Structures are given as structure tokens and as C-alpha cells.
Amino acid sequence: MIRSLRGMNDTLEPEESARFSYFIETATRIAKNYGFRFIETPQLEETALFKRSVGESSDIVGKEMYQFTDKGDNDVCLRPEGTAGVVRAFVQNKYDRQETTQRLFYHGTMFRYERPQKGRLRQFHQFGCESFGEDSVLEDVSLILMVRDIFDALGINFTLKLNSLGDPNCMPQYRESLISFLQEHEAEICEDCERRKLTNPIRVLDCKNDKCQVVYKEAPKLMQNLCQSCDNDFKTLTGLLDEHSMKYEIDPHLVRGLDYYSKTAFEFISTEIGAQSAIAGGGRYDRLVEFLEGRPTPAIGFAIGIERLMELIQMPEVTREGYYVGAMDEDAISKAYTLGMKKRASDKVTIGYKARNLKAHLKAADKANARYCAILGENELNNATIWIKDLEKKTESEIPQKEF
Ligand code: HAM
């Protein structure tokens, strides 16, 4: 038997697929309320796009990409995340030259060649939002509140972790002081951190090695080294979150696994799903449009990992819905089919294709979770009527087919 690849799952079980679509519907509705519109970008892009945006020194680009040479000899890659492609589309279609704010949302599969475990897949789904053209902190606040709205609507508990990663005014200086600190503590840190020290020193701060974490407790904190403008923005942000009763924890070691961030960085964490606890992540990336050769455009976004939410989503109570239509007689099948098809213009309809007795049809209607079971027998066929049972109220009636 041919099986799916490791870390790549089907969404097939009725309850799981219902949760998945319920999530997409809910998040889409809320994103639209916040002024976002749908964007779809290819799953395959030039490898250079991710190298330049996510960053060559990141684990994603360094170790986890599904990268290959296609038949035309192009170096391509299955997208490991959604932001890079959206920014590429934004620049390629010259949206960077328009003065208006562009707010775009997407959902789809992402690919990372990671070691699969609970909550960590090689093919997974994100729902993401990217906003271009707003440098106001109010946009940062709006995006964070939007994630809260989505999680609240789904009954999901979370904590918000927040940090500021500075900007080109304060980050380089901080980087230098962090490098000197790391050089002084060279003997105490792990190999990975040793390597990152020069390529991407900030990333050492979220090293999972306990010994490293002890060392980094003493490391200089970016939060204490922010320039005036970043510091002001961060204070405004936290003040506004307070005003909107949005609780947060400031985490100076929250650096994110992608290199394009500056200023606001955030992660939503769930304590109910095990080690892979980040259910959403995002932040500002004010320089990425420029890196991808667009006009400088401030931007901010986030992505929610859909698989990690699956067991957390609280579904509304399932109610019976629509019709089941069936025939008790061979002669009535075609008429029942026609009536069922017409009804599909306005309602969810399941049609039974075979002539069966009433009991069998009622059972099938119940299984299909239909509210009404509508049946044509010989009598109904002769009288141009249809027999209907309301499976919720347990009432029965016979009405003219014209009124069905
Ligand atoms: P990220 O933090 O790499 O950010 O991913 C966002 C979310 O995707 C994570 O919080 C997690 O829920 C989910 N996720 C990541 N990797 C996996 C995996 N292997 N298996 C299952 N779920 C996973 C980004 O991707 C950025 N593009 C977010 C962003 C948008 N920043 C600005 N705009």
C-alpha cells in the first residue's frame, strides 16, 4: 500500500475536517472585518526568495527547505512560510508604488523538513495576514487583537509573548555588545550557539540548551538597548494593549526563527498542546519589501499554525441541517432526484439513489444529519405530493411537490 509521506497528513476524519473548515471560516470572517482581502500565491518559488527574506543563517533555510532543481534547471523550493511569497507578489505587482495600505490574508500548506513529532509536521497549514504601508503602532495593536478575536471565537486559551527587536538604529550596536558577551563566554555555550555567534548572534537567545540559557540570563538585553524611537513605540504598544485588556508577557529572548523582523515581535502560546506550544507568531518587517527590491514600505503580519489548534477548537453544537430526499419505488427515483436537485439551489441536500423502504431512508437521513427526510412513494408520485418528516420536531406532513 502506498502511504503518505512522513510528517504529511490527510484531513479526512469528519470531525477533523469540520474543525478545519470551521477554523478557516472563522478566521476569514474576522480577517475581513479587519479589512484584509484574500491573496493566493504559488507553493513553489525560487529558492533565492527564501534565502533573501527568511535568511541564510536561519534553521528554516539552512536545514529545513524542500529544495530541488526542476526540469528547467531552476533552483526552486516549496514554501516554508507564507510571508516571503506575499511580499514578492506585492513588489512584483507594483503595489509598493501605491500609496494605499494593503491588507492581505492567505491560508495554505507550508513545508519544512523538520523531525516530525506532535504538533510538528513537514507539511502543515498556516492562516496568515500581512499588512503593508502602515508604520503606526495601532496596526501592531490591531493585528494582535485580531489574533485574540480569532482565538476567542474558537474558545482557545493562550498567552501572548512580546518583544521588540529594535531597528537599524539600535540593532547593530546591540549585536556588537552581544557578540562581545558571547566571545567572553565562548567556553560555556553549545556548538550551535558558537556557530551562530557570528552568523546570527540574536538567535542564540532562544537556544533550547539549558546550560546556554543559564549563560544568557546575564546577556545584554535588547529591550534595555533600544533607541528612543523603538522604545517609544514599544511603550505605546504595551500601553494600548493594556487599554484593550490584552495581557502579555515581555520575553526578551523571543527572537523568532526568521530573520526579517524588526521592532515588534510576538508569539501566541498554548499550554495545552505539549512541547510545540507556539500557535501563532508574527511581527514587524519594515525592511523586507526593500530587501526584495521594492520601495521601502513598513509592514507587519502574523501566521497561525492550523494543525496545532485542531484539538483546542471548541466547535458550536452540531445541529441538523437541510434535507435528505429518497424514493421508495423504482418509478419514483427520477422524480425524487429532480426534486432534490432543485432544492440544492437553497439548501444542503443528500439524495438517496436507490429505492428503499421508509425505515432505511429515515436511517440514512439521520446519518446524513439532515433536518428533514423527504420521501416519494407510489402514492406521492400519483398525487404529485411529497412526504416530509421533521427529524428534530418529530412531525410529519405531506405537501404538494410544487411547494417543496
Ligand atoms: P512561524 O513562527 O515560523 O512564522 O510560523 C507560524 C506558526 O506556524 C507557528 O507558530 C506554528 O503554529 C506553525 N508552525 C510552524 N512550523 C510548523 C510545523 N513544522 N508543524 C506545524 N506547525 C508549524 C512564520 O511562518 C511567519 N511567516 C509569520 C509571519 C507572518 N510573520 C509576519 N507575517
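Why does Phe 38 count as partly exposed?

Analyst: Phe 38 counts as partly exposed because its relative accessibility is 40% (buried is under 20%, exposed over 50%, partly exposed in between, with a 1.4 Å probe and protein chains only). This is a predicted model: local features need pLDDT of at least 70, side-chain atom pairs pLDDT 80 or more, while totals for chains, interfaces and linings use all residues. Residues are numbered from 1 along each chain as its sequence is written, and side-chain values use heavy atoms, without hydrogens and water.

Now the ring partners. The whole structure holds 17 aromatic pairs (Phe, Tyr or Trp six-membered ring centres within 6.5 Å; planes under 30 degrees apart are stacked, over 60 edge-to-face, the rest tilted). One of them joins Phe 38 to Phe 105. The two rings are tilted, with 55° between their planes and 5.5 Å from centre to centre. Phe 38 sits in strand S1, residues 37–38, and Phe 105 in strand S5, residues 102–111 (strands are DSSP runs of E, at least two residues, numbered from the N terminus). The partners are 67 residues apart, so this pair links distant parts of the chain. Phe 105 is buried, because its relative accessible area is 2%.

A second pair is edge-to-face. Tyr 323 and Phe 404 stand 5.4 Å apart, centre to centre, with 90° between the planes. Tyr 323 belongs to strand S12 and Phe 404 to the segment after S16, so parts 81 residues apart in sequence are tied together. Tyr 323 is buried, at 14% relative accessible area. Phe 404 also counts as buried, at 16%.

Follow Tyr 323 into its strand. S12 covers residues 323–327, and five of its five residues are buried. Both faces are covered. Tyr 323, Val 325 and Ala 327 lie on one side. Tyr 324 and Gly 326 lie on the other.

S12 has strand partners too (two strands pair if DSSP finds at least two bridges between them). Three bridges join S12 to strand S13, residues 349–351, and the two run parallel. There, Val 325 has Ile 351 as its bridge partner. Five bridges join S12 to strand S14, residues 372–376, again in parallel. Tyr 323 stands opposite Tyr 372 in S14.

Phe 90, Tyr 95, Phe 132, Tyr 260, Tyr 261 and Tyr 285 form one aromatic cluster.

Key:
Helices (H or I, at least four residues) and strands (E, at least two) are DSSP runs, numbered from the N terminus.
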